[in-house]
Amino acid sequence: MSAIPKRPCPRALVTRPRAEAMEIAAALAGRGIEAVIEPLIEIRTLDLPAPSLAGVQAVLCTSANGVRALAAAAAERAIRVFAVGDATAARARAEGFARVESAYGDVGELARLVRRRLDPTEGRLLHVAGTAVAGDLAGELHEAGFSVERAVMYEAQATTSLNPATAAALSDGGIGLALFFSPRTAAIFARLAIAAGIAGRLGRVTALSISPGADAGLVRLGFRERIIAAAPNQAALLDRVDALMEAAS
């Protein structure tokens, strides 16, 4: 009696910078999904002096890249850290920061968390950021009376082309899911897909975006389906992956 052939392992495109992509790949592997890692942004830590934490009551981190840059530049670990989401908070804890809170969402949720937890009279806030900043975190907090200093500690450089093997897999059905974690990476992917000539050949790929802003960057592309996470965080995006896998089983 011949063995029943195994169903092929589904494959998902992961567009995050490599360090974060590896973490997502592990989460997908636990779900029986093979990750195809295609970083659309390369992170380069800037060679600058560490920002002064004197008079700072808390550090605001809107990405895990900011956490890594801060951890590499400064030895202080007792400072309060407010993270935009669960992945960023997890990275802060892994780097040894002891007082970490997560907004479990986006920049707007982070601003609301800070307003609830902190007092503007207790000291300034330090936002560790890259050269490209999404949202207006400082503006929202300034309106609430906070003093916010931005420390640009890393550069996020966009990739200039898709790997030809990745482009071929997307167009011929070798990749069934594509995950997008920010408006910027979605916009970069759209530009590169158009340049590679596959914008209209994505009819067998489902796009999963972490937010409506990320999804908006994909409207010109011919995906089979576009789905948005119920909340702007990694856990909610993976919930959508789970629902798709269950529906396909």
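This is a predicted model: local features need pLDDT of at least 70, side-chain atom pairs count only at pLDDT 80 or more; totals for chains, interfaces and linings use all residues.

Which residues does Phe-223 touch, not counting residues up to four places away in sequence? The contacts of Phe-223 are Ala-178, Phe-180, Phe-189, Leu-202, Val-205, Ala-207 and Leu-218.

Phe-223 is also among the residues with the most contacts inside the largest nonpolar core, together with Leu-170, Phe-180, Phe-189, Leu-202, Leu-218 and Leu-221. That core has 27 residues. At least two of its residues are supplied by each of α6 (164-172), β9 (177-180) and α7 (183-196). Helix α7 gives the largest share, six residues. Another core lies apart from this one and has 20 residues, including Cys-61, Val-81, Val-100 and Ala-151.

**Aromatic pairs**

A search of the whole structure finds three aromatic pairs.

| Pair | Distance between ring centres | Angle between planes | Arrangement |
|---|---|---|---|
| Phe-180 and Phe-223 | 6.3 Å | 70° | edge-to-face |
| Phe-189 and Phe-223 | 6.2 Å | 20° | stacked |

Phe-180 belongs to strand β9, whereas Phe-223 is placed in the loop between α8 (212-216) and β11 (225-228), so their pair ties together parts that are 43 residues apart in sequence. Phe-189 lies in helix α7, and its pairing with Phe-223, in the loop between α8 and β11, therefore ties together parts that are 34 residues apart in sequence. Phe-180 and Phe-223 are both buried, and Phe-189 is buried as well. Through these ring pairs, Phe-180, Phe-189 and Phe-223 are linked into a cluster.

Rings also take part in another kind of arrangement, with arginine. Arg-16 lies over the face of Phe-181, at 4.4 Å from the ring centre. Arg-77 is placed over the face of Phe-97, where the distance to the ring centre is 4.7 Å.

**Helix α1**

Helix α1 covers residues 18-29 and has 12 residues. From its first C-alpha to its last it reaches 16 Å, close to the 16 Å expected at 1.5 Å a residue. The buried residues in α1 are Glu-20, Ala-21, Ile-24, Ala-25 and Leu-28. Why do the buried residues of α1 line one face of the helix? Seen down the axis of α1, they fall within an arc of 145°, so they line one face. As a general point, an α-helix has 3.6 residues a turn, so residues three or four places apart point the same way. The elements that cover the buried residues of α1 include β1 (11-14), β2 (34-37), α2 (64-73), β9 and α9 (234-248).

Asn-65 is found in helix α2. Is Asn-65 buried or exposed? Its relative accessibility is 11%, so Asn-65 counts as buried. Leaving aside residues up to four places away in sequence, Asn-65 touches Pro-17, Glu-20, Ile-43 and Tyr-154.

Tyr-104 is located in the loop between β6 (99-102) and α4 (107-117). Although Tyr-104 is not a glycine, it has a positive phi of about 50°. With 54% relative accessibility, Tyr-104 counts as exposed.

Technical notes: Residues are numbered from 1 along each chain as its sequence is written. Side-chain values use heavy atoms; hydrogens and water are left out. A nonpolar core is a set of buried Ala, Val, Leu, Ile, Met, Phe, Trp, Tyr and Cys residues joined through side-chain atoms within 4.5 Å. Buried means under 20% relative accessible area, exposed over 50%, partly exposed in between (1.4 Å probe, protein chains only). Helices (H or I, at least four residues) and strands (E, at least two) are DSSP runs, numbered from the N terminus. Contact means heavy atoms within 4.5 Å. Rings of Phe, Tyr and Trp (its six-membered ring) pair if their centres lie within 6.5 Å; planes under 30 degrees apart count as stacked, over 60 as edge-to-face and the rest as tilted. A charge sits over a ring if NZ of Lys or CZ of Arg is within 6 Å of the ring centre and within 35 degrees of the ring normal. The expected span of a helix is 1.5 Å times one less than its number of residues. The arc is that of the directions from the helix axis to the C-beta atoms.
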